[in-house]
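Biologist: I have a model open and would like to learn how to read it feature by feature. Where do we begin?

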Amino acid sequence: MTTQYQPPQESVIRLMTRLALQHDAVNLSQGITDEPAVYEMIWAGLAASLGGTDARMDRLETLTLKDICDAQGSDPEAFLNRPLKNILAGLQDESDRFNQYSFPFGLPELREAIADYTHQFYDYRPDPDDQITVTAGATEALSSVLRALCAPGDGLIIFQPFHEMYPSQANLFGLRPTYVTLKENHSAGRWEMDRDELKGAAANNCRAIILNSPHNPTGKVFSKDELEFISSLCIEHDLLLITDEIYEHILYGDHTHYCMATFDGMAERTIIINSISKTANASGWRVGWVLSPPEFTQPIRGVHDTLVVQAPTPLQKGAERLLRLDKTFYRNIHPLFQQKRDALVTALQSIGFQATPPDGSYYLFANYRNVPALKDLAPMDAAMYLIQEIGVASVPGDNFYNKGDDGNNYLRFSFCRRLQTLEEATKRLRMLDHEAPH
Ligand SMILES: Cc1ncc(COP(=O)(O)O)c(C=O)c1O
């Protein structure tokens with residue numbers, strides 16, 4: 001049985017960003033940072049596009065201004081007054097490789113880097129030849145996986161609250177979603193999975209489960225015990241597990257991210273999607289990847305090739321440099337986010353929001369029903385009030401739910417912005433203290 005196809009709507013998250021711009025609000029809606037992207041990656045992407053070949057990229061790596069000045073036969077004084085753009089124009093190679101089409105499924109050197117990168121953190125090294133597909137971000141990765149491995153009418157288990165692309169892509173591909181609701185246990189300070197609900201859903205003739213940990217929007221990091229439970233259901237009911245791991249390095253306290261392909265019986269049924277969007281502050285680059293068991297890789301590559309051909313070649317060179325950075329770079333990503341998380345949690349709680357501090361990712365899913373100015377408003381009205389009257393953009397909680405009314409109590413705030421930006425947002429949010437109920 002297929003579900004009724006609905007033409008896709010504009011993403012509510014991206015709509016809130018548009019409204020934030022329109023009303024000059026501090027944008028805590030979409031997960032867009034205003035921090036700089038990782039320089040090593042930017043440099044390698046630039047050098048690839050400018051140089052065009054590996055040899056010229058290598059040369060650019062060590063080239064000094066004096067070398068260029070000498071090569072261009074300029075007098076140093078005149079050289080220093082030349083626009084950078086004109087100087088760089090002389091650095092292109094005569095032959096070009098990196099501004100052209102490359103292998104649809106990813107440059108071999110990037111696939112090697114993805115394999116080594118994965119292996120640094122987990123006891124798992126996917127084979128670059130037949131287990132890795134480079135995609136245009138995690139979004140396209142998921143589309144290619146769903147289109148390649150699921151047939152219209154297949155059941156797909158989605159935890160709610162969810163990232164909106166899961167149900168919208170399920171709809172696009174005619175899949176039949178079953179929603180399993182995570183519940184906030186406020187006194188225990190965590191979001192919980194209802195094992196019986198998941199068990200019932202898994203027994204209901206499904207093809208796959210989508211799991212996102214660390215989770216957007218709740219910040220839940222699924223525990224090893226929960227993951228073992230999920231894997232036992234996958235094995236019992238012969239389900240695929242699609243894991244969205246784009247926040248794998250954004251973890252707080254002693255929380256750990258596990259690679260489920262290493263769990264007993266899971267290597268042959270786990271498909272991992274990931275991207276550089278969050279790890280490198282580079283969501284605009286659109287570079288991601290899929291790690292899949294070999295027998296699934298060809299169909300995934302076929303869909304990917306048909307949809308987008310390939311991720312941009314120079315940006316793949318930048319991503320390769322990023323993934324070759326030392327492990328300590330990745331281990332040092334979370335402390336700044338922790339500072340931001342603590343600042344926003346403290347500010348929101350002091351205004352009356354109930355917010356379970358996230359264990360991972362960079363979102364705060366906050367219950368606003370105790371905030372006098374917002375308590376009687378529907379989520380979209382509360383979000384509009386914050387944008388128009390307070391000058392802060394969030395995302396209405398019901399956007400993350402399909403069934404039930406749990407979402408009607410929440411707003412999602414993203415804390416990936418610079419500390420100064422968050423300070424401005426919290427200063428504005430404190431005005432809520434003086435606002436009368438609506
Ligand atoms: C859970 C989750 N998956 C995927 C994406 C999109 O990733 P990408 O930019 O790599 O397409 C996001 C973006 O916010 C996300 O939160």
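Modeller: Begin with a proline. Pro217 sits in the loop that runs between S6 and H11. Keep in mind that this is a predicted model.

Biologist: What is the peptide bond from Asn216 to Pro217, cis or trans?

Modeller: Read omega. The bond from Asn216 to Pro217 is cis, with omega near 15 degrees. There is also a cis peptide bond between Ser213 and Pro214, where omega is about -10 degrees. Pro214 too is found in the loop between strand S6 (206-212) and helix H11 (224-236).

Biologist: Where is Ala282 found?

Modeller: In the loop between S8 and S9. Now ask what it touches. Beyond its neighbours within four places in sequence, Ala282 contacts Ala37, Met41, Ile276 and Ser277. Ala282 and Met41 are 241 residues apart along the chain, but their C-alpha atoms are separated by 9.4 Å.

Biologist: How do I read contacts for the whole chain?

Modeller: Look at sequence separation. Among contacts with a separation of 6 or more, 73% are between residues 24 or more positions apart. For burial, the figure is 46% of the 438 residues.

Biologist: What radius of gyration does the protein have, and how does it compare with a compact globule?

Modeller: Compare it with the expectation for the chain length. A compact globule of 438 residues would have a radius of gyration near 22 Å; the protein has 23 Å, so the two agree. Along the principal axes, the C-alpha atoms fill a box of roughly 70 × 55 × 40 Å. The protein has 17 helices and 14 strands.

Biologist: On to strands. How many residues of S7 are buried?

Modeller: Check each face in turn. In strand S7 (residues 240-244), five of its five residues are buried. On one side are Leu240, Ile242 and Asp244; on the other are Leu241 and Thr243, and both faces are covered. S7 pairs with S6 in the parallel sense, over five bridges. Ile210 stands opposite Ile242 in that pairing.

Biologist: How do I read a whole sheet? What order do the strands take in the open sheet of four?

Modeller: Write the strands in spatial order. Here the order is S10-S11-S14-S13, with antiparallel pairing. Strand S10 (354-355) and strand S13 (395-396) each have a single partner strand, so they stand at the edges, with one side of each left without a neighbour in the sheet. S11 and strand S14 (residues 410-414) run antiparallel, joined by five bridges. Phe365 faces Arg412 in S14. H15 packs on the sheet and touches S10, S11 and S14; its direction makes about 10 degrees with that of S11.

Biologist: Which domains does the assignment give?

Modeller: Domain 1 (12-30 + 333-434), domain 2 (47-89) and domain 3 (108-330). The centres of domain 1 and domain 3 are 26 Å apart, taken over C-alpha atoms. Their contact takes 26 residues from domain 1 and 29 residues from domain 3.

Biologist: Which elements supply the side of domain 1 that touches domain 3?

Modeller: Helix H1 (12-22), helix H15 (334-351) and strand S11 (363-367) each supply at least two residues. H15 gives the most, with four residues. By type, that side of domain 1 has eleven nonpolar, ten polar and five charged residues.

How values were computed:
Residues numbered from 1 in each chain as written. Predicted model: local features only at pLDDT ≥ 70, side-chain atom pairs only at ≥ 80, totals over all residues. Domains from an automatic or database assignment. Contact = placed C-beta atoms within 7 Å. Nonpolar A, V, L, I, M, F, W, Y, C, P; charged D, E, K, R; others polar. Rg over C-alpha atoms; globule rule 2.2 N^0.38 Å. Buried ≥ 20, exposed ≤ 12 C-beta atoms within 10 Å, placed from the backbone. Pairing = 2+ DSSP bridges. Axes fitted to C-alpha atoms, helices over the stretch in contact; angles between N-to-C directions.
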